[in-house]
Structure formats: C-alpha cells, structure tokens
Amino acid sequence: AGTASVDPVVRPQPQPRRGLLEWRHELRSYRASDAAETSWLEDATGGEVRAIYEELASEPYQELFFEVRGVPGPALDTGFAADYASSVTVLEVRRAELEGRGCEGDLAQR
C-alpha cells in the first residue's frame with residue numbers, strides 16, 4: 001500500500017511594497033502604488049507602523065508614503081476590515097515620509 005502525499009499549504013511570501021497609508025481611530029488602510037484598490041492594513045510590527053505614522057502626520061487623516069515588506073491577504077470579515085476587498089499584513093517598515101521619491105524606483109534594488 002502506498003502513502004498519500006499531502007500538498008503543503010502555499011503561503012504568500014513577504015513582498016516589498018510602496019504606497020499610501022492612512023491610520024485613523026478605527027481605520028487602517030494601505031494602497032500600494034501599483035494597485036487600484038485600497039487594502040485593510042494589519043500591523044505585525046509590534047506597533048512600529050502606528051508610531052511612525054503618528055510621528056510624521058501633520059494633520060488628521062493624512063495619507064503618508066510608506067515602503068514596507070508585507071504579505072498580501074484576503075478580505076477579512078470582522079469590524080471595519082470587512083469593508084475592504086483585500087488585506088495586507090505589514091512585517092517591516094523600510095521607509096516612511098511625507099514627501100519624496102514615493103513610488104518611483106525599483107523595489108528590487110533595496
């Protein structure tokens with residue numbers, strides 16, 4: 001008798017991403033530079049994303065440029081996250097700024 005093989009679960013790999021992040025009381029969103037839709041943001045950095053956003057933001061509800069390493073994910077079905085068609089889990093903040101090069105440049109070179 002043979003043994004059945006089980007396919008391992010394929011998990012998305014972290015990817016470098018550039019885009020605009022907005023952090024409000026009950027809203028966390030991220031729109032990648034190469035995407036038309038905005039995703040719900042899950043912060044897996046231990047609070048680094050929020051701390052950097054609050055340090056840089058000069059006005060409420062301001063979109064800031066963030067270059068991150070993150071994992072794209074499906075829509076979530078809880079709370080305000082349910083209003084988004086997708087999610088992104090941020091694992092690392094590479095760069096954040098009010099202004100600058102933004103979405104220009106090659107992510108592979110960083």
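Two strands are taken to pair if DSSP finds at least two bridges between them, and strands here are DSSP runs of E with at least two residues, numbered from the N terminus. What we have is a predicted model, in which local features need pLDDT of at least 70 and side-chain atom pairs count only at pLDDT 80 or more, while totals for chains, interfaces and linings use all residues. Residues are numbered from 1 along each chain as its sequence is written, and side-chain values use heavy atoms, with hydrogens and water left out.

Let me start with strand S3. S3 and S5 pair in the parallel sense over 4 bridges, and Glu42 has Thr89 in S5 as its bridge partner. S3 is also joined to strand S2, residues 28–32, by 2 bridges, and these two run antiparallel; they form a hairpin with 6 residues between them, with Tyr30 bridged to Ser39 in S3.

Now to the rings. If ring centres of Phe, Tyr and Trp (its six-membered ring) must lie within 6.5 Å, with planes under 30 degrees apart called stacked, over 60 edge-to-face and the rest tilted, the count comes to 1 aromatic pair. The centres of Trp40 and Tyr84 are 5.7 Å apart and their planes stand at 50 degrees, so the pair is tilted. Trp40 belongs to strand S3 (39–43), whereas Tyr84 is in the loop between strand S4 (64–74) and strand S5 (86–97), 44 residues apart. Both Trp40 and Tyr84 are buried, that is, under 20% relative accessible area with a 1.4 Å probe, protein chains only, where over 50% would be exposed and in between partly exposed.
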